[in-house]
Amino acid sequence: MNMISDALARVKPSASMNISAIALEKRAAGVDIIPMSAGEPDFDTPVHIKDAAKRALDAGETKYTAVDGIPELKAAIAAKFKRENDLDVDPKDCFVATGGKQIIFNAMVATLNPVDEVVVPAPYWVSYPEMVRLTGATPIIVEAGAAAGFKITPVQLEQAITAKTKWLLLNSPGNPTGAVYSKDELLALAVVLREHPHVHILMDDIYEHLTYGCKFYTMAQIAPDLGDRTVTMNGVSKAYSMTGWRIGYCTGPSWLLKAMSKLQGQSTSNPCSIAQWAAVEALNGDQSFLAEWRKVFEERRDYLVERLNKIDGIECLVPEGAFYVYPSCGGLLGKTTEGGRLLKTDEDVAMALLDEMDVATVHGGAYGVSPHFRVSYAVSKEDIGKACDRFEAFVAALT
Ligand code: PLP
């Protein structure tokens, strides 16, 4: 008997997690692998945040908490939304989950039926279409290539919306491209969304603090009239280098938060109590290191993009945010590697880079727009330099 459910059988495993697992295995086996596939900052969690977790442990904050988060964290989230996004949010309308991922998962599972559709701009974060598919609903993929700066237009959005559309999932700064929607671009999408009051908006703002030379905006901030159908999602993973702590949060319509609470209450219950106290410190405490980290990322981005664009067959836009670049590898296809591998797809390129050059990246096919590959620059400048040497050697040896 097949024990796997139809729902799970519809879902693909996460390509970035698979490749990162292979990279970790290689490293454990002593290979000098450069891990540019993972989506996490390479900085350590700041000491004041770790100290808050230690204090929570010592104070016995080790029990179940309210399913949707401790009041102190919800207050810190409301204050953050006011301070950074100009959103007036009541702490009771804030919701905490085990990562931003669980916020999105909760929202999708709480609302979608198999007849429904969700507009997903591509390139997309690998989990969006799969979470939608798990519910039986259909992701409607709207492709925005490099020529469009990897951002969808209002016309594309209009064409994608049907009577069945329940959500638009919008991520800015974006994974895998680093593209950032400007205020005007968001305003233009808001014009379309106003015409379709049945469509809800999930803004994935997880890379909010990682923008370079441009300002971050979120939909509920620039179109407050859409606030009652917008979920503004964020988390401490990327901003505070707290990926392992698993704390994400959102605000949104109270009927939805209530439904998400019901789902979370019957699945994972509250997020880790100690991590919640650490997140209180992350949001309320010193923020000055964020500017330093941003500067480090920006320098790495500039260096990486410059070197990639010097390689024949690779073309790379300069992304305005996150810590990824998404170069095209179209010019490498049809060629054969030194190891005798014919490069037919971007997956072949990423796998050849992993096997023959010991650089872990993720193929664009996983994100819905090919031929590209995603390179994370959340590694040291030295490693970026070594990786670029290997990219150059890889391409020079192609025949
Ligand atoms: N959204 C995007 C676009 C991401 O890249 C990630 C992590 O990779 C997440 C959400 C989820 O982050 P977390 O669950 O660690 O908060």
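## Pockets, cavities and peptide bonds: a tour

Begin by selecting V11, K101, F105, S127 and M131, which lie nearest the centre of the second largest pocket, a site with 15 lining residues. The model is a predicted one, in which local features need pLDDT of at least 70 and side-chain atom pairs count only at pLDDT 80 or more, while totals for chains, interfaces and linings use all residues. Residues are numbered from 1 along each chain as its sequence is written, and side-chain values use heavy atoms, with hydrogens and water left out.

**Stop 1: the second largest pocket**

A pocket here is an open set of points on a 1 Å grid over the protein atoms alone, with protein on both sides within 12 Å along at least five of seven lines; a cavity is a set of points where a 1.4 Å probe fits but cannot get out, and lining residues have an atom within 4 Å of a point. Points are joined across faces, edges and corners, and a volume is the space filled by probe spheres set on them.

Now colour helix 5 and helix 6 (127-134), each of which supplies at least two residues of this lining; helix 6 provides the largest share, with four residues. Helices (H or I, at least four residues) and strands (E, at least two) are DSSP runs numbered from the N terminus. The lining of the second largest pocket comprises seven nonpolar, four polar and four charged residues, where Ala, Val, Leu, Ile, Met, Phe, Trp, Tyr, Cys and Pro count as nonpolar, Asp, Glu, Lys and Arg as charged, and the others, Gly among them, as polar.

Stay with these two helices and show their side chains: K101, I104, F105 and M108 of helix 5 meet S127, Y128, M131, V132 and L134 of helix 6. The residues of this contact (heavy atoms within 4.5 Å) divide into seven nonpolar, one polar and one charged.

**Stop 2: the two domains**

Next, colour the protein by domain, giving one colour to domain 1 (6-44 + 289-393) and another to domain 2 (60-284); these bounds come from an automatic or database domain assignment. The centres of domain 1 and domain 2, taken over C-alpha atoms, are 25 Å apart, and 36 residues of domain 1 are in contact with 33 residues of domain 2. With these colours on, look back at the second largest pocket, whose lining takes at least three residues from each of the two domains.

**Stop 3: the largest pocket**

Select M17, A38, G39, E40 and K238, which lie nearest the centre of the largest pocket, among the 39 residues that line it. Helix 2 (15-28), helix 5 (100-111) and strand 12 (373-376) are the elements that give two or more residues to the lining of the largest pocket, and helix 2 gives the most, with seven. The volume of the largest pocket is about 850 Å³, and its lining is made up of 17 nonpolar, 14 polar and eight charged residues. Why does the largest pocket lie between domain 1 and domain 2? It does so because both domains give residues to its lining.

**Stop 4**

The structure holds two cavities of 30 Å³ or more. For the largest cavity, with about 140 Å³ of space, select P121, P123, F150, N171 and G174, the closest to its centre of the 17 lining residues. Strand 3 (117-122) and strand 5 (165-171) each supply at least two residues of this lining, and strand 5 gives the most, with three. By class, the lining of the largest cavity has 13 nonpolar, four polar and no charged residues.

The second largest cavity, of about 30 Å³, can be outlined by selecting K80, E208, H209, N234, G235, A239, Y240, Y249 and L283. Its lining has four nonpolar, three polar and two charged residues.

**Stop 5: the backbone**

Most residues other than glycine have a negative phi, and most peptide bonds are trans. Zoom in on A122 and P123, which are joined by a cis peptide bond with omega about 5°; P123 sits in the loop between strand 3 and helix 6. Then move to N175 and P176, also joined by a cis peptide bond, with omega about 20°; P176 is in the loop between strand 5 and helix 8 (183-194). Finish at S241, a residue other than glycine with a positive phi, near 55°, in the loop between strand 7 (230-235) and strand 8 (248-251).
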